[in-house]
Amino acid sequence: MDGVSTPVEARHRALLEALPDLVLRLGADGTYLELGGDLSRLANPPELVVGANVRDLLPSDVAEQLMRGVAAALSSGELATVNYRLRPHMGELRDFELRIAPVAAGEVLAIVRDVTDLHEAIREVSESRARIVTAGDAERRRIERNLHDGAQQRLVAVSLHLHLIRKRLDGRPEAVPELLDAAQTELALALDEIRELVRGLHPRVLTDHGLARAVRTLAERSLLPVELVSLPEERLSSSVEAAAYYLIAEALANAAKHAQARLITIRVELEADHVVVEVADDGVGGADQSGSGLQGLADRVAALGGSFAVSSVRGAGTAVRAELPL
Ligand SMILES: Nc1ncnc2c1ncn2[C@@H]1O[C@H](COP(=O)(O)OP(=O)(O)OP(=O)(O)O)[C@@H](O)[C@H]1O
Ligand SMILES: [Mg+2]
């Protein structure tokens, strides 16, 4: 906007300059009349724009969309909205949303907003939501299979044994003790399997005694040496305790499976409004963050509004770190 001196015009100009969006004043025929706001979003260098026509400067499909919006705003007298993708003169292809308001006969004001980051964030949220649902389904199938193939079959066998025992009591009672032994064995195995399954669902020690005790249990069970650098004893919300626990459990499992590490260090630190959870190993590095285990952790942390990072340079170990809001 060129230098103007009246207070109203000065305010108008200050307003435009302060806007985070690009502002265009356009004629009904698509001539650029005036520019303001963030000019880096223009498809062309600003000095080429005023006085030129939309159809000369923009790709034809984008120009047509824009002109349809201009025509709609002018004929209805109401706001029209148009979305398109365009490569600004500075930078990469971006998504834009245009709000076009009629100003006077033959003239509109268009606010051009860069919505790329917003679209990206929405896409990430809907993708992670889908992954969370899929992971839940897969987990239910795993439980169903485990119960079906394990405890359920054993209980069927126990029931069969009891049936046989009943029959033998009349005819061949001497066979009963052996059948009782077999039934008892099957029952014990079924109990073991259910216990194992339940432990994998949600560790009891976490619910009953909190993160510190649960992490010490993980560390004791680890095949690799673990150094617990810091581990607060305070109880945290159950979702934060669970996220921290599963992160540590997965990182320990990964280090044992993939890292050829000599030492794993675990650090859990309470800050003012978040808790930092970090597991580092001194192994081979090169972790793939898109793997199902690490992606699942990223989704779990994102669902709590936390941040998640894996740093894993080949040859320099792996560190998995999350910040979870309290
Ligand atoms: N600490 C680590 N050191 C070296 N490589 C790792 C480490 N953690 C993960 N990786 C590599 O990154 C890949 C992805 O890890 P992720 O945990 O997502 O999957 P996974 O362990 O293979 O399977 P899942 O966790 O679903 O059982 C692994 O297959 C492994 O190749
Ligand atoms: Mg894994």
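Predicted model: local features only at pLDDT ≥ 70, side-chain atom pairs only at ≥ 80, totals over all residues.
Visitor: Why is Gly-305 called exposed?

Guide: Count the C-beta atoms around Gly-305. There are 10 others within 10 Å. A residue is exposed if that count is 12 or fewer. So Gly-305 counts as exposed.

Visitor: Where is Gly-305 found?

Guide: Gly-305 is in the loop between H9 and E9. Its phi is positive, about 80°, just after H9.

Visitor: What makes Val-133 exposed?

Guide: Val-133 has 10 C-beta neighbours inside 10 Å. The cut-off for exposed is 12 or fewer. Val-133 therefore counts as exposed. This residue sits in helix H4, residues 116–171. Gly-305 and Val-133 are 172 residues apart in sequence, and their C-alpha atoms are 18 Å apart in space.

Visitor: Why is Leu-79 called partly exposed?

Guide: Leu-79 has 14 other C-beta atoms within 10 Å. Exposed needs 12 or fewer, and buried needs 20 or more. The value 14 falls in between, so Leu-79 is partly exposed.

Visitor: Where does Leu-79 lie, and which residues is it in contact with, leaving aside neighbours within four places in sequence?

Guide: Leu-79 lies in the loop between helix H3 (60–76) and strand E3 (80–86). With those neighbours left aside, its contacts are Ala-73, Arg-99, Ile-100 and Ala-101. Leu-201 is 122 residues from Leu-79 in sequence and 53 Å away in space, C-alpha to C-alpha.

Visitor: What about the span of H8?

Guide: H8 has 22 residues, and 32 Å is expected at 1.5 Å a residue. From first C-alpha to last, H8 reaches 30 Å, which is close to that value. Gln-260 follows H8 and has a positive phi, near 50°.

Visitor: Which residues of H9 are buried?

Guide: They are Leu-294, Leu-297, Ala-298, Arg-300 and Val-301.

Visitor: How do you know on which side of H9 they are?

Guide: Look at the arc they cover around the axis. It is only 165°, so these residues are on the same side of H9. They pack against H8, strand E9 (307–311) and strand E10 (318–325).

Visitor: Which helices each supply at least two residues of the shell around ligand 1?

Guide: Helix H8 (238–259) and helix H9 (292–303) do. H8 gives the most, with five residues. The shell holds 17 residues, and the closest are Asn-254, Ala-259, Ala-287, Gly-291 and Gly-293.

Visitor: What makes up the shell around ligand 1 by class?

Guide: Nine residues are polar, five are nonpolar and three are charged. Gly counts as polar here.

Visitor: How many residues of domain 2 are in contact with domain 3?

Guide: Four residues of domain 2 are in contact with five of domain 3. The touching side of domain 2 has two nonpolar, one polar and one charged residues. The domain assignment puts domain 2 at 119–201 and domain 3 at 204–325. Their centres, taken over C-alpha atoms, are 30 Å apart.

Note on methods:
Residues numbered from 1 in each chain as written. Chains lettered and ligands numbered in written order. Near = placed C-beta within 6 Å. Helix = DSSP H or I, 4+ residues; strand = E, 2+ residues; numbered from the N terminus. Domains from an automatic or database assignment. Contact = placed C-beta atoms within 7 Å. Arc of directions from axis to C-beta. Expected span 1.5 Å × (residues − 1).
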